[in-house]
Amino acid sequence: MEKDIATPNKTKSILEKYGFSFKKSLGQNFLIDTNVLKRIVQAADLNESSGVIEIGPGIGALTEQLAKVSNKVIAFEIDQRLIPILKDTLSNYHHVKVIHSDVLKANLSETVKEEFDSEQDISIVANLPYYVTTPILMKLLEEKLPIRTIVVMIQKEVAERIAAKPNSKDYGSLSIAAQYYAHAETVFTVPKTVFVPQPNVDSAILRLTIRNEPPVQVSNEQFFFEIVRASFAQRRKTILNNLTHHFEDKMSKGDIEQILNDVEIEPRRRGESLSMDEFAILAEKLYHY
Ligand code: SAM
């Protein structure tokens with residue numbers, strides 16, 4: 001039986017065969033630990049009828065493990081040099097399709113429609129390039145794709161920020177943006193040593209389980225997120241001061257204080273103490289002002 005791609009020796013020989021040199025600018029840190037890969041795949045809870053979208057297959061280490069347990073894998077890879085390599089390393093897996101594209105520019109709704117059955121269980125699983133983690137995750141969430149879950153390896157600090165609860169140092173607008181669309185949890189952390197080349201930061205597996213309905217009802221999502229971002233603009237400032245600064249000449253400090261009192265949010269609290277429910281009630285009141 002062929003060895004897995006994600007062993008140090010097999011990876012080395014593939015890289016040597018093609019004279020491949022890593023591009024730091026593309027966040028190329030490849031996984032060389034099959035156990036970690038299997039745990040990532042397990043966290044996505046796939047079965048033989050599952051469809052999977054992968055972002056950044058590299059030389060196919062994770063793709064291979066996904067292909068072994070699912071019905072179809074569609075992988076987006078930006079680096080042209082990896083396309084012939086993937087054709088070779090994944091030649092045994094006919095249900096894998098590699099698309100040469102920047103995932104940020106891809107029409108993912110279209111891909112889902114074309115590549116998967118309408119009732120199919122679909123997940124996104126990836127070891128994400130760290131330089132674009134947040135834009136990629138926000139694109140995946142905001143496009144409201146018909147997917148069940150997103151399981152990604154990302155920088156540990158970012159995973160903690162995304163999964164953070166109120167009154168913690170990590171809680172901020174990114175936590176709320178992600179948790180509006182999904183239930184977020186850190187599944188496990190990973191040391192630097194399982195990558196080649198080794199990154200400078202530790203990593204974690206984040207699982208986002210997509211919600212059927214947002215946890216709060218708001219009239220205007222854009223406005224809701226604008227209020228959340230404004231409330232965290234300067235973390236040390238009170239919510240009153242942050243919002244006063246945000247609305248500048250549109251609303252007076254007194255008006256904002258009145259609104260905060262009306263919705264029973266003490267104006268001297270900081271953004272990091274507000275729950276998503278409180279942000280929603282506050283945004284509704286401001287929106288209809
Ligand atoms: N999946 C492989 C693994 O686990 O070993 C490689 C992961 S590596 C952290 C990130 C991969 O994403 C690289 O192959 C890189 O070329 C690719 N990549 C970077 N930016 C991308 C983008 N905008 N769209 C698609 N792929 C991208």
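Where does S50 lie? In this predicted model, S50 sits in the loop between α2 (34-43) and β2 (51-55).

S50 has a relative accessible area of 0%. The cut-off for buried is under 20%, so S50 counts as buried.

## The chain overall

The protein chain has 289 residues, and 51% of them count as buried. It holds 12 helices and nine strands. The C-alpha trace spans about 70 × 40 × 30 Å along its principal axes.

The ligand takes up the space of the largest pocket. Two elements give two or more residues each to the shell around the ligand: β1 (30-31) and β3 (72-77).

There are 22 residues around the ligand. Those that come nearest are L31, G56, E77, D102 and N127. By class, the shell splits into 11 nonpolar, seven polar and four charged residues.

## Polar atoms at the ligand

Which residue places a polar side-chain atom 2.6 Å from an oxygen atom of the ligand? That residue is E77. E77 is also among the residues that come nearest to the ligand.

Backbone atoms take part as well. A backbone N or O atom of G58 lies 3.3 Å from a ligand oxygen atom. For I78, a backbone N or O atom lies 3.4 Å from a nitrogen atom of the ligand. How much of the ligand does the protein bury? Taken alone, the ligand exposes 600 Å², and the protein buries 99% of that.

## Backbone exceptions

Most residues other than glycine have a negative phi, and most peptide bonds are trans. The residues below depart from those patterns.

K144 is not a glycine, yet its phi is positive, at about 50 degrees. K144 lies in the loop between α6 (133-142) and β6 (149-155). Is K144 buried or exposed? Its relative accessible area is 52%. Exposed means over 50%, so K144 counts as exposed.

N167 also has a positive phi, near 65 degrees, and is a residue other than glycine. N167 is in the loop between α7 (156-163) and α8 (173-181). At 60% relative accessibility, N167 counts as exposed. The peptide bond between V196 and P197 is cis, with omega about -15 degrees. P197 belongs to the loop between β8 (195-196) and β9 (203-210).

## E264 in its loop

E264 is in the loop between α11 (253-262) and α12 (276-287). Its relative accessible area is 71%. That value is over the 50% cut-off, so E264 counts as exposed.

How far apart in space are E264 and E278, C-alpha to C-alpha? The distance is 9.0 Å, across 14 residues of sequence.

How values were computed: Residues are numbered from 1 along each chain as its sequence is written. This is a predicted model: local features need pLDDT of at least 70, side-chain atom pairs count only at pLDDT 80 or more; totals for chains, interfaces and linings use all residues. Side-chain values use heavy atoms; hydrogens and water are left out. Helices (H or I, at least four residues) and strands (E, at least two) are DSSP runs, numbered from the N terminus. Buried means under 20% relative accessible area, exposed over 50%, partly exposed in between (1.4 Å probe, protein chains only). A residue is near a molecule or strand if one of its heavy atoms lies within 4 Å of it. A polar contact is a pair of N or O atoms within 3.5 Å; within protein, one must be able to donate a hydrogen and the other to accept it, and residues adjacent in sequence count only if both atoms are side-chain atoms. Accessible areas come from the Shrake-Rupley method with a 1.4 Å probe; for residues, only the protein chains shown count as cover. On a 1 Å grid over the protein atoms alone, a cavity is a set of points where a 1.4 Å probe fits but cannot get out, and a pocket is an open set with protein on both sides within 12 Å along at least five of seven lines; lining residues have an atom within 4 Å of a point. A molecule sits in a cavity or pocket if more than half of its atoms lie within 2 Å of its grid points. Ala, Val, Leu, Ile, Met, Phe, Trp, Tyr, Cys and Pro count as nonpolar, Asp, Glu, Lys and Arg as charged, and the others, Gly among them, as polar.
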